[in-house]
Amino acid sequence: KLIALFILLLVLVNCKDSSIQTIQPQIIPIPEVVELSDSFFTINNSTGIAYDNSFKVSPQFLKDFIKSGSRINLKDGKEIQFIRDENLGLEAYVLTVSKEGITIKASTDQGAFYGVQTLRQLMPVGLENGTFSGKEISVEALTVKDEPQFLYRGIHLDVARHMFSVEFIKKYIDALAMLKMNTFHWHLTDDQGWRIEIKKYPRLQEVSAYRNATLVGHYSDQPHQFDGKRYGGYYTQEEVKDIVQYAKERFVTVIPEIEMPGHAQAAIAAYPELGCKDEPVEVATKWGVFEEIYCPNPKTFAFLEGVLDEVLDLFPSKYIHIGGDEAPKTRWKNCEHCQALINKEGLKDEHHLQSYFITKMEAYLNSKGRQIIGWDEILEGGLAPNATVMSWRGTSGAVEAARLGHNVVMTPTSHCYFDYYQSENDNEPLAIGGFLPLEKVYGFNPIPEELSTEESKYVLGAQGNIWTEYIPTEKHLEYMAFPRMLALSEVVWSNPKNKNYKDFVSRSENFHQRLDALDINYANHLYEIEG
Ligand code: TNX
């Protein structure tokens, strides 16, 4: 009997030992409150899960994550519970792990989803790719109370300069969702390519989607080099729907961007009557800003409305991004129709004509129940009445718009351009220029200091932009995005009082294992802390 008792004791001690391999909380973005308890919960084949019909996506995500990661099937039961708590904010959650079980409280499925993302980061990384071989998963006991600082937490991707596969876009959306980001700004059209199928205008697929050569790495002072290959492609409407649905299941809203009146050369290449010259041009093969912009004529407005009709059917987002940036007015200055329109509408100059253009498109989209969002140039010549401004040329556009009582999203080049260099190492891959180290992203405060508390309510949040002139491959794109995206997630989600760069660096380095498991590339040489 004594021997049996001794063996039992040994077994118990060993059990405890193996369970000690819980993961210390290394959560990104750092939660509002984390309280640790000295215990753990073990998930195994007898663990059950319970939730009512206020929750759908989030418990399913957890079940799938655990099943694909560890082959453990959660049964019906009550160890893991999703509980509705009306007192919590729309995106808030409270996660409690004790030795009896796990509860996630939230007022919405989305809030619970963020609780699940936190829980996920408390589990071994091997669950991310199915290499976890244990029979049970130990989760450190704790309480996490959490909610975001900002409503709009975005990442952008330019698929016009270089295109990325549907599968990759989904992987990108997965990464956003894991970091509790909720918006994917999909830059679909530009001078060098039109990437969304519009059935009414087949030449967009035949002509605008392809360019005759891709410019490979050049600086303005270096000779252009072309690879000589036809480059391009587009997303079919079926693929777009699939991506939008995929994002929705991760509480990510996809905002499509259809550029106007500038960055439109690919469309004008297919339909020259949309330009002021009505002469053939080609889909751009160089990077930069081009003079061929849409002419504000009836054909253009009919075309854009036709395009937007199909876009609206595909994207349920409240916002449609209409671009508005970098539209040189050279053609409009030399176009009789434009000058006549300026006179007829009593406009001061071409900037006011751009404002007229955007306001007209806004009215169309408002009539369909949508709002426009545009780059800060839409302020020039007068802001369309209901527009939201995406402030990229510094923050002055944001300040101006907020003071006019318009919503703004912060994407200043100084802190949010992930196409810029991230280190001064000689062997950094060629980038468009600019320098945006990780620490600078981390230190970003989306609220411009000029704004009063009242005015700062118009700041919806911030977004990281990834323009892809110099980013031809998926691995390169990930390298530019990570770890800067981790830093941005804390900018938009975490309470500034919990932010500390040194602590972030240690969590971020730890997060590499998760990125490795997810086969996400990242820059791994940026972590020196000065001083
Ligand atoms: C400016 S940001 C642009 C893009 C370029 C980017 C490169 C903005 C609204 N327009 O067309 O790709 O710079 O950083």
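## Ligand contacts

A polar side-chain atom of R161 sits 2.8 Å from a ligand oxygen atom, which falls under the cut-off for a polar contact (a pair of N or O atoms within 3.5 Å). D325 places a polar side-chain atom 2.9 Å from a nitrogen atom of the ligand. For E469, an N or O atom of the side chain is 2.6 Å from an oxygen atom of the ligand. The protein covers 92% of the 370 Å² of accessible area that the ligand has on its own (Shrake-Rupley method, 1.4 Å probe).

This is a predicted model, in which local features need pLDDT of at least 70, side-chain atom pairs count only at pLDDT 80 or more, and totals for chains, interfaces and linings use all residues. Residues are numbered from 1 along each chain as its sequence is written, and side-chain values use heavy atoms, with hydrogens and water left out.

## Ligand shell

Residues around the ligand include H263, E326, W375, W392, Y417, D419, Y420, I432 and W467, where near means a heavy atom within 4 Å. The shell has six nonpolar, five charged and one polar residue by class.

## Helix α2

Helix α2 covers residues 57-70, and its 14 residues should span 20 Å at 1.5 Å a residue, in agreement with the 20 Å between its end C-alpha atoms; the expected span is 1.5 Å times one less than the number of residues. Buried residues of α2 are S58, P59, F61, L62, F65, I66, G69 and S70 (under 20% relative accessible area, 1.4 Å probe, protein chains only). They lie on the same side of α2 because they cover an arc of only 160° around the axis.

## P29

P29 is in the loop between α1 (2-19) and β1 (33-43). Its relative accessibility is 0%, so P29 counts as buried.

Note on methods:
Polar contact = N/O pair within 3.5 Å; in protein donor to acceptor, adjacent residues only side chain to side chain. Nonpolar A, V, L, I, M, F, W, Y, C, P; charged D, E, K, R; others polar. Helix = DSSP H or I, 4+ residues; strand = E, 2+ residues; numbered from the N terminus. Buried < 20%, exposed > 50% of the residue type's maximum accessible area, 1.4 Å probe, protein only. Arc of directions from axis to C-beta.
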